[in-house]
Amino acid sequence: MNLVSGSSGNSTLVGTGSTMVLCDAGVSMKKIEECLNTADHTLKDIDAIFITHEHSDHIKGLGVISRKWNIPIYATGKTISAIMGERSLGKLDPGLFIPIEKEEAVMIRDMMICAHPIYHDAADPVCYSFSDDHSKACIATDMGCFTNELVRSLSGCDYMLVETNHDIRMLEAGPYPYHLKQRILGDHGHLSNEAGGALIRELLNEHVKEIRLGHLSKENNFPELALMTVRQELLGNPFSPDPDGLPVYISERDSADIPVEI
């Protein structure tokens, strides 16, 4: 269940019958609690928080949440070091942070979580896959490109949240300074609508239940444009002759998705 997704903040709830974790906490604790409440959950239900990287739109609420709830926080060692240096988060308890290795599974009760390396302009960015005995989900955002290795790691997902950050033409013609445009368009930036669609096409399978498009730029994209572009990228895929029939949806910037059981 995606709680919020966009350039201004990101957080996703992933759960099984006995385990619930957050992937990122990039908005205020109050906002995360409001979104959790829509699915009859609270931060008290959260067993762990997994952080993809240290940018503000992925860790903004982490300080307040950690001080109130003492939830274990998992991230790579370099990302933890970068987070500890973020003064905007306030005092952090180092004992709550648990370092993880990329491509090594972490078990939280009945949920297996694996961090996968990606290309982004952060200390040690990763994306995550989550699985149990019955299903698999992945959150694949904040990357300038994707590799065959990543596709193999994320294959077989029943649910996927994939970045469609920007429309290339809107970005190029927009108000951002040149250096920021180059950063976003680069291999360590963000996936465009076309690139996100290409990744979805690689990950598409016969048992996928839901595909969410996330991390849309407020300035350089429109939800309808992202959806249309992705459907164009999925034309001729081997699993559905009509891309309009695929379960592809936009994740909202400021409100939680309807929970999906996989």
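Strands E9 (residues 126-131) and E10 (residues 136-140) run antiparallel and are joined by 4 bridges. Within this pair, Tyr 128 has Ile 139 of E10 as its bridge partner. Strands count as paired if DSSP finds at least two bridges between them. The strands themselves are DSSP runs of E with at least two residues, and helices are runs of H or I with at least four, both numbered from the N terminus. The model is predicted, so local features need pLDDT of at least 70 and side-chain atom pairs count only at pLDDT 80 or more, while totals for chains, interfaces and linings use all residues. Residues are numbered from 1 along each chain as its sequence is written, and side-chain values use heavy atoms, with hydrogens and water left out.

E9 and E10 belong to an open sheet of 7 strands. The order is E7-E8-E9-E10-E11-E12-E13, and the pairing is mixed. Strand E7 (106-108) and strand E13 (248-250) stand at the edges. Each has a single partner strand, so one side of each lacks a neighbour in the sheet. On average, neighbouring strands here are turned by 20° against each other, direction ignored. Such angles are taken between axes, which are lines fitted to C-alpha atoms (for helices, over the stretch in contact); angles run from 0 to 180 degrees between N-to-C directions.

Two helices lie across this sheet. Helix H8 (residues 193-203) lies across E10, strand E11 (159-163) and strand E12 (210-214). H8 runs at about 155° to E11. Helix H9 (residues 223-233) lies across E12 and E13, at about 160° to E13.

Which residues of H8 are buried? They are Asn 193, Gly 196, Gly 197, Leu 199, Ile 200 and Leu 203. Buried means under 20% relative accessible area, exposed means over 50%, and partly exposed lies in between (1.4 Å probe, protein chains only). Seen down the axis of H8, these buried residues fall within an arc of 160°, so they line one face of the helix. The arc is that of the directions from the helix axis to the C-beta atoms. An α-helix has 3.6 residues a turn, so residues three or four places apart point the same way. The cover over the buried residues of H8 includes E10, helix H5 (148-154), E11, E12 and H9.

Asn 237 lies in the loop between H9 and E13. Its relative accessible area is 5%, so Asn 237 is buried. A polar atom of the Asn 237 side chain lies 2.8 Å from the backbone nitrogen of Phe 239. Asn 237 is also in contact (heavy atoms within 4.5 Å) with Arg 201, Leu 204 and Leu 246, leaving aside neighbours within four places in sequence. His 215 is found in the loop between E12 and H9. At 1% relative accessibility, His 215 is buried too.

The backbone of His 215 has a positive phi of about 55°, although His 215 is not a glycine. Most residues other than glycine have a negative phi. Asp 40, also not a glycine, has a phi near 60°. Asp 40 lies in the loop between helix H1 (29-37) and strand E4 (48-50). Is Asp 40 buried or exposed? With 71% relative accessibility, Asp 40 counts as exposed.

The largest nonpolar core has 29 residues. A nonpolar core is a set of buried Ala, Val, Leu, Ile, Met, Phe, Trp, Tyr and Cys residues joined through side-chain atoms within 4.5 Å. Ile 32, Leu 43 and Leu 62 have the most contacts inside this core. Strand E1 (2-4), strand E3 (20-23), H1, helix H3 (62-69), strand E5 (73-76) and helix H4 (77-84) each give two or more residues. H1 gives the most, with 4 residues. Beyond four places in sequence, Ile 32 touches Leu 3, Ser 11, Leu 22, Ala 25, Val 27, Leu 43 and Ile 65. A second, separate core has 26 residues, including Cys 138, Leu 150, Ile 211 and Leu 213.

Leu 3 is found in E1 and is buried, at 0% relative accessibility. The C-alpha atoms of Leu 3 and Ser 251 are 8.4 Å apart, although 248 residues separate the two along the chain.

E5 has parallel partners. It is joined to E4 by 2 bridges, and the two run parallel. Phe 50 has Tyr 74 of E5 as its bridge partner. A further 4 bridges join E5 to strand E6 (residues 97-100), again in parallel. Here Ala 75 is partnered by Pro 99 of E6.

How values were computed:
Polar contact = N/O pair within 3.5 Å; in protein donor to acceptor, adjacent residues only side chain to side chain.
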